[in-house]
Structures are given as structure tokens and as C-alpha cells.
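Please look over the sequence and the model shown here before reading on. The report then takes up one chain as a whole and one residue within it.

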Amino acid sequence: MNWIKESIMNFDKPLTRRESIKKLLQLGGSLGLAGAIGGSLQTPKVVNAASENKKFIIEGIGQTEGYSVRALTRKVFESAGGAGRFVSKGDVVVIKPNISWARRPELAATTNPEVLAAVIELCQEGGAKKVRIADHTINDARRCFALSGAAAVAKNTGADLIHPRSSLMKKMSLKGNRLDTWPVFVPLVEADVLINLPVAKHHSLSRLTIGMKNWIGAVGGSRYSLHQDIHQSIVDLAHFFRPTVTLIDAVRIMTRNGPSGGSTSYVTEKNTLILSDDPVAGDARAAMLFNHQPQNLGFIRMAQEQGLGTFDFQKLAQQKVVL
Amino acid sequence: VKIRHLVWLRRTLQAFFLIFFLFLVIESRLPQDVYIDYNMAFSADQELRLDQPVTFFFQLDPLIGISSLLSGYTFVKGFLWGAGILVLTILLGRIFCGFICPFGTIHHAVGTFKPALKGSRMVQANLKTSDQKIKYVILILLLVAAVCGLNAAGLMDPIAFLFRSLALAVLPGLGAGLRSIFEIMAASDFKILNLAGYGAEILVSPIFGYNQPAYQTAWFIGFIFLVILFLNRIRPRFWCRTLCPLGALLGIFSRISILKLEKYAQKCTACNLCLKHCQGAASPRPDQEWETAECLMCLNCFNVCPEDALAFRFVWSLERNRQPDIGRRALLGGLTVGISFPLFARLDGSIDKDPDSRLIRPPGSLPEKEFLELCQRCGLCMKACPTNVINPTLGEAGVAGFWTPRLIMTQGYCDYTCTLCGSVCPTGAIQEITVDEKIKQPIKIGSAYIDRGRCLPWSGNAPCIVCQEVCPTSPKAVYLKADVVATSDQKSLNVHLPFVDLKRCVGCGICENKCPVRGLPAIRTISAGESRSLSNQILL
């Protein structure tokens, strides 16, 4: 009941309502109530490459038999300059994986739990005060988190699982071309560091769902109507949610019957992780794993046109690591 | 042991069982921190189950055990607990009613903390009346109906009644009320208030349900619950004395109980204190003959008697106690209604001729006839369902199936890898299945069809593939064909038109649930095609 004590003891200082929500939510985490959300209201920081002002893209590939996905994740982050490049001491880190479906990890409908665990550990080593996993799932969140392994990861690493609930959806102005006011899953905008951690999958309408489409899981409301203009909706959301960095899980990719899949026969092992601070480049590189040309995918092309990033890899600092 | 200690023992046990019951009601849902080891879950489907023995009180309840045995020829899981209660009743009388039953405890508390009657009016209200026969009529009716194939015991069984009322009406109702208070608090300008408002929301959700649950007919369930509570103001423990079929059953078994109320008439000063405190209207006064079958074993009369004119003693004799006051008319009435109810209830044809297309039963449900032989309408499956899709029926299952479970896809959907409802069903009306069985057999609960006039791409309004996207089967039962349709201004629109492959569709209803066409979705689910029925089929 620390937060109650603290909040009562501090009442000489007036707080705005928004601050008080924030404060409560920060403290709420210490109760171990995973429903609590938090973070500061700072905008996610823009990370510039330390050595050069270019954006970067790093591809990690596991080539040796029986390589460790965790080790590959660490190696990819190391070559980007370590987790310390993105996370500062005392930060609240929010990770947005794709855990839309209550499917077991093997089916590649959800972000690989090993990758998730590695990223959480990296953030914790980087000094994060709190690491949170937040996703607005399609199936019931409890079942999605449990079956995908995310709940076990949270338990083992001490990260908080933030369950989507209606009180955490707040109307915000997205200022998009197509989307205006929309309910947003608050913990994702109230973070010091926001990490997008999608899994790369086939999708029946947008053809692929990778990083930028992952933000559909960050809003509430009648989000199933977004499909009526899917590409612009994806770009509008990607414009609003600006992650510090995106790590694309392409260890196992779903090549057919996406996004929910349901059979290992749709899953191909690519043993690849793509880390980038350019949301367009990351998606474009992942699209190539599916033998798609990036410009043929509406949301990638439109995102470049609307200035979110580039799939001209020459403009980026490119790296490749193997394990 | 002094008698005072025994009364406190009773109060302690009553409180314990009531709290345990409430705890199990609250725990009848997936917790938010449920997890499984993903190394195990990696390549094989794991079953998510509840940690607590949520069916415990249903196992303890001999009426549920006996009615299931009579109608479905099934020994329910844990029926030995119920048998144990019957043995206990043979030894100690209706000790279950006085010491254990959580519904009895609620009535006891309502009548004790705020008695509606005072002095001689209370004495008057505690005199045995012939109304108390009604419970035997109800018991006979329910048991005879069970023999005739319709198990409606759960409508009146106290455990099922209380669970249904709390889980479907009281908890969601209180939750809705509390949440609206917290919303007002959270919107306030006082810091303490809005902090407390947000915090409280987090604290109450695990108790009152994570997403505000909603249940068809919940208002009616709640209303009846309040009426039953209110009746305590007319006569204390009205339900236990007059209506409860389980009390009637235990009353019959108490005929040979060896714990007897000994009366010493010569000591009695006719102060009526025993009568004033009698819970069961069981004629405790020494000048009356003790009604064993009505006595709730509360021990109050023994406790309050200032003259030691009353005492409960173990008497090892073959002499039977006073006969339960059933009466021939009650017997005949119960028989008549008990036989005619199941027969009349079949006349709407819902079992034999025309199953309602809206009657989608939970996965693993027995065929309709067998289902009605076992379902107690307790609401446990409805409380446990993580998507809130399972609802009590109103008329969809006919009068015979009133308040039995039915899936309403606009409220939730049957999660493809979820098998929770069958695992909590106390009687096996919904069989416990595994994810593997559910997916591989597959267990179908119905099938989906598309309403092309409402469907966005079919009607030329907009592209949409949501039903196909969310379809969980592999390959997908909802499939797409690329096509060009004309819009209202005669432009052409590139769309993917959805179709349903009935061979693959399991009727889970997620397509209906997620369809962006609100109101009446453009893809809907009907019960036809359910694997539990041989006749309710579409395909060859």
C-alpha cells in the first residue's frame, strides 16, 4: 500500500489529474498489480546513432545449428551499441509485442517469447526502472499472454504485463490523414522508451503484418473498421506511435493463412532478427524475407512517401551479424 | 463443551463456509496472472485450468448428485461428498442447513442482524405452518421430473441458485455500480479522490470481473434473489423452511438422526424464548412435538432456554423421529407436476423437431436430451468463460432449458484453444474436453453464414476481410475471392469477397463477434452443424 501512503503524504503539492493518473500508475506497479500502467509523459526519445547521424538497420542471422535465440538478440543489440544506447537509468520501458492470438509459440502467430525475454533482460541491464509488456490483443488477453509464453516471460523476468482494459483506452487525436480521434492504449504513449517487438507474418489484407501494422494492437475502439482503408490506417498509426527502436522477430515467419495461422506448415524458419530505428526500413527488410518488393506493399510505399522513413537501404547504416 | 461453545462453533463454520463459497464464486474465472511454462507449451497445446476447486459446493450438494443420478444415470464428479452429507444428516439431522449451507447462512444473517418482527410477532412467525409442505412438493416435483428426463433441480437447488444469483447478477451489478463511482472519482479535481478512483478500479476488477460482464436475463436473476431475501421479513428463513428442495431432502433423511432434541416439560415456564429464536419453525417448545425434519440444527433453542428444559443429545435408539410433514396431497401434487412438466416442456418440439437456431451450446455439451438431464443452470460455465459469450437462455432452449447456457456471439465468442467451460461443469452436461479434441475432431458448436446484403464488400460499400482474418481454423473456414464490385456511383471497387466453407467452420463465432457491421453483424452463427446432434446438420 506504498502508493497510498506516498500519495497521501504528498498532498501539499497540487497535482493535475493527468499527473496524478501517471503517478498512481507508476506506483501501482509496485503493488504487483499488472493492470497498472505507467511511465512518464515524456515523448519517446529520438535516438541518433552515436557515431553517425544516419539511421541504422541491423540484421542478425542465426546460422549455426541450435543457436540461442536469446544470444542472437543480445548480439544484435550489442552491434547497435548495446541496450544503453536506447535505455537510460531509471527509464520506464514499454515493449509492444504482437500477442494478438491465443496460439502456442511454435505457430509463429505471436512474438517469440525468447526474443521478448532477451529484450526485457537487456532493458533491465540497461538500467530500466520498470519494463512493461503491453498489447491490446484480439483473443482474450489472459489466454493470449498465457499461451504465447509472454506471461511466463513476465513472471521469470519480473516485467509487468499490462492487460488491455477499457479504463486504459483514452481518446487521443492521432492527426492522421485518415484517422482523427481514436481511443489509444495509454501505457504505450506514456513511456520513456517504447520498443516495437512485432513478429513478421502473412496478412490476408495488407499482405504482411510486421512493425507498423503492430500499432493496430495499440488502439481500441472499432478497430476492425480500420481494414476498410488498411494501408493509410497503418501509416497514420505508425505516424502517431514513434518507437525508440523496432526489433522484428523473423525467427519463424508465417508465410500463409495469416495473421492467425494455426498450423506449423505455414511456418518457415528464417532465424532472422531485424533491429532498426527506421520503422519503414525494418518492415521493408522483413518484407524481403517473404520475397516481396517493399514498394509493392501499400503501407510501406505510403509510409516512405509520407516521410516516416525509407526503404532505400543505402541511406542507412547497415550491419549484419551472424551467430 | 458448553452449549454456548457449540453455537459459536456453528457461527464460525457458517462464516467459514460462506466466505469459502464467495471465494470460489470469485475465483471461478481465469486470473490475470495465469501463465504456463512456454517450453512445455511450445509445441503442444496446454489446457488452461482454474486453480481452485470451484465445484466443491456442488459436489457437497446431495440434491445435485441424486437428481443427476436419477435423470442422467451419472455419478457426478465428487458425488461421495454429497453422500457424506447424507450420512451426516442421518447422524445429526439437517446440520448442513444450520452449519454449512451458504445460502442458509445468508438468510440467517439477514434475519438476525435486522429482524423484521419483534416479541410475540416473532414467536407467531416461528410457529410451524402447513406452508412448509411446499418444499416437499418442490422436491418431489424435481425428482420425479428428473426421473422423467428433465433435470430442473438447479432452478431451486440452493447452491445452484446462490451461485447463479451471485455470479450472474450480484457481482456484475455491484461491479458496474462501483466502476461508475470510480469513474466519477477519477474525473474529480481532488487528488486523493481521483487517485483512489483509479486504484480502486484495479483492485475491484479481480473480484467483480475484468471486463464488465453482461448476462442475458441477469436483471431477472437478481430480482428473484432480492425477493427471496425479502421474504425473510415475513418469516425468518422463509426459503429454508418453505421452498428449499435440498432442505426437504435432508429433512427426509433426518428421520432417523440420532442427535435428538430432548425436552423436559416439567422445567418449562412457557417463556417462548426457544420459539422466538427458532430458525426452522421446528416446534422446539417442550409442550409441542419436535419437528425433526424442520429443524435446521441451529442450536438456538438449546442455547437460549433459561431453564435447561431443552437439550440436544445423542440417543442410540431405533425409534424413528417424527415423520416429515409431507402429506398425501403434497405427494400427489408433486407427482402430477413432476410428470407433466417434462412432457409438456417437450411439446414445443425444440428437442425432437425444431432446434432453435440460436441455441448454440458450449463446446463439449452433450446432445440436447442428455444435456437437459444433467445441466443445473448454475452459471458456473458462464462465470468462467473468459469472453463472456456463455449466457443463460430465456426462451431459446424452450421452457425446459430455461437458464441453461447458450452462446451469444455478439457478446463474446468461443475461443478456439479454450476448453474451460467443460472443465468446471459440475455435472458433466458440458464434458471436459482437451484442446486437441476440440481442434482435431473437431468439436463444432454451429456454423457461420454470410448476410451478403449487409456485408461491406458484397454490398459494394468497402473492402473488409475481418471475418477471414480472425477465423481460427486451419485452413480457414472463411475464405476470400478477389473480385471487383460496383459502388453506388458506378465506380469499381477492388474487394475480397468472403465465403464460408461449412466443412471447416466450427461455429466459434469470432467472425460474428469481430464483424465491423454493428447491430446485426454481416456474418452470423447458428446452431446447425453442431457435432453433438445427428439431425441438426446442414451437410451430408
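The paragraphs below move from the basis of the model to the chain and then to a single residue.

## Basis of the model

This is a predicted model, in which local features need pLDDT of at least 70 and side-chain atom pairs count only at pLDDT 80 or more, while totals for chains, interfaces and linings use all residues. Residues are numbered from 1 along each chain as its sequence is written, chains are lettered from A and ligands numbered from 1 in the order in which they are written, and side-chain values use heavy atoms, with hydrogens and water left out.

## Chain B as a whole

Chain B contains 24 helices and 8 strands, where helices (H or I, at least four residues) and strands (E, at least two) are DSSP runs numbered from the N terminus. Its C-alpha trace spans about 100 × 65 × 45 Å along the principal axes.

Of the 540 residues in chain B, 60% count as buried, a term that means under 20% relative accessible area, with exposed being over 50% and partly exposed in between (1.4 Å probe, protein chains only).

## The residue I258(B)

I258(B) is found in the loop that lies between α15 (245–253) and β1 (259–263) of chain B. Because its relative accessibility is 10%, I258(B) counts as buried.

Leaving aside residues up to four places away in sequence, I258(B) touches I90(B), L91(B), R313(B), F314(B), V315(B) and W316(B), a contact being heavy atoms within 4.5 Å. The C-alpha atoms of I258(B) and C414(B), which are 156 residues apart along the chain, are separated by 51 Å.
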